[in-house]
Amino acid sequence: MEIDTKNNSIKMVNEFKYKFKSSLFDIFQTVLWLSILVYLTFYLNLTKSVLFLALLFILLFSLYFTLLILKNFSKIIITNEEIIKSNPVIKTIINWKDITEIKLNYYSTRRDKEKGWMVLLLLNNQKKIVIHSSISSFDKILQEIAKKTSSNNYLFNYYTEKNFKAMGINLYNNN
């Protein structure tokens with residue numbers, strides 16, 4: 001909770017951060033592959049085509065590593081008026097009334113669809129906020145979004161409704 005100095009009202013602010021443990025294995029794998037590729041590139045006598053491929057993969061793994069680190073330093077801030085996603089490089093702010101589309105996608109890692117992860121997309125005409133389920137209190141974020149958007153009478157697609165329902169949240173009756 002914060003006090004809004006403009007009109008002396010209480011402003012509800014919820015802040016959520018990504019857990020470092022959730023990306024630790026991905027970071028470890030990326031560093032391992034980068035180390036192997038750097039070793040191959042600089043200590044072995046490679047042909048030009050293989051050297052080019054190795055340098056390309058070093059570039060791609062470096063980019064992926066940077067994105068993983070930025071994701072770990074990202075935070076989501078939910079207020080009464082807006083949702084904010086910020087990291088050390090980019091800050092994206094979307095007002096609740098400006099959201100044009102909300103998608104909640106589930107990606108299964110098994111055929112029986114028992115395990116997997118979810119990705120929440122909040123879109124307006126120019127901006128997009130992506131929130132992965134590895135963030136702390138992902139279910140609370142979904143509940144807040146359902147509360148904030150229920151007054152705007154959104155129509156959600158079939159999969160988004162189904163995924164919210166799987167999380168125990170009714171999108172159309174959430175006051």
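Me: What order do the strands of the four-stranded open sheet have?
Reply: The order is β3-β4-β5-β6, with antiparallel pairing. Two strands pair if DSSP finds at least two bridges between them. Strands are DSSP runs of E with at least two residues, helices are runs of H or I with at least four, and both are numbered from the N terminus.

Me: Which strands are at the edges?
Reply: β3 (14-17) and β6 (91-95). Each of these pairs on one side only.

Me: And the twist?
Reply: From one strand to the next, it averages 15 degrees. Axes are lines fitted to C-alpha atoms, for helices over the stretch in contact, and angles between N-to-C directions run from 0 to 180 degrees.

Me: Before I go on, where does this model come from?
Reply: It is a predicted model: local features need pLDDT of at least 70, side-chain atom pairs count only at pLDDT 80 or more, and totals for chains, interfaces and linings use all residues. Residues are numbered from 1 along each chain as its sequence is written, and side-chain values use heavy atoms, with hydrogens and water left out.

Me: Back to the sheet. How many bridges join β3 to β4?
Reply: Four, and the two strands run antiparallel. K17 stands opposite K75 in β4.

Me: What about β4 and β5?
Reply: Four bridges join them, again antiparallel. I78 has I83 in β5 as its bridge partner. β4 and β5 form a hairpin, with three residues between them.

Me: And how many bridges join β5 to β6?
Reply: Five bridges join β5 (residues 82-86) to β6, and the two run antiparallel. S86 stands opposite K91 in β6.

Me: New topic. Where is S74?
Reply: S74 is in the loop between α2 (48-72) and β4 (75-78).

Me: Is S74 buried or exposed?
Reply: Buried, because its relative accessible area is 4%. Buried means under 20%, exposed means over 50%, and partly exposed is in between (1.4 Å probe, protein chains only).

Me: Which residues does S74 touch?
Reply: F16, K17, Y18, K85, S86 and N87, not counting residues up to four places away in sequence. Contact means heavy atoms within 4.5 Å.

Me: What lies 2.8 Å from a polar atom of the S74 side chain?
Reply: The backbone oxygen of L70. A polar contact is a pair of N or O atoms within 3.5 Å; within protein, one must be able to donate a hydrogen and the other to accept it, and residues adjacent in sequence count only if both atoms are side-chain atoms.

Me: Let's zoom out. How many helices and strands are there?
Reply: Four helices and nine strands. From the N terminus on, the elements run β-β-β-α-α-β-β-β-β-β-β-α-α.

Me: How much of the protein is buried?
Reply: Buried residues make up 34% of the 175 residues. The accessible surface comes to about 12000 Å², and 57% of that belongs to carbon and sulfur atoms. These areas come from the Shrake-Rupley method with a 1.4 Å probe; for residues, only the protein chains shown count as cover.

Me: What order does the three-stranded open sheet have?
Reply: β7-β8-β9, with antiparallel pairing. β7 (101-108) and β9 (128-132) stand at the edges with a single partner strand each, so one side of each has no neighbour in the sheet. Neighbouring strands here are turned by 15 degrees against each other on average, direction ignored.

Me: Which helix packs on that sheet?
Reply: α4 (residues 158-166), which touches β7 and β8. Its direction makes about 70 degrees with that of β7.

Me: How many aromatic pairs are there in the whole structure?
Reply: A search finds three. In one of them, Y158 and Y159 have ring centres 5.2 Å apart and planes at 75 degrees, so this pair is edge-to-face. Rings of Phe, Tyr and Trp (its six-membered ring) pair if their centres lie within 6.5 Å; planes under 30 degrees apart count as stacked, over 60 as edge-to-face and the rest as tilted.

Me: Are those two tyrosines buried or exposed?
Reply: Y158 is exposed at 57% relative accessibility. Y159 is exposed too, at 54%.

Me: Last one. What is the phi of S137?
Reply: Positive, about 55 degrees, although S137 is not a glycine. Most residues other than glycine have a negative phi. S137 lies in the loop between β9 and α3 (138-150), and counts as partly exposed at 31% relative accessibility.
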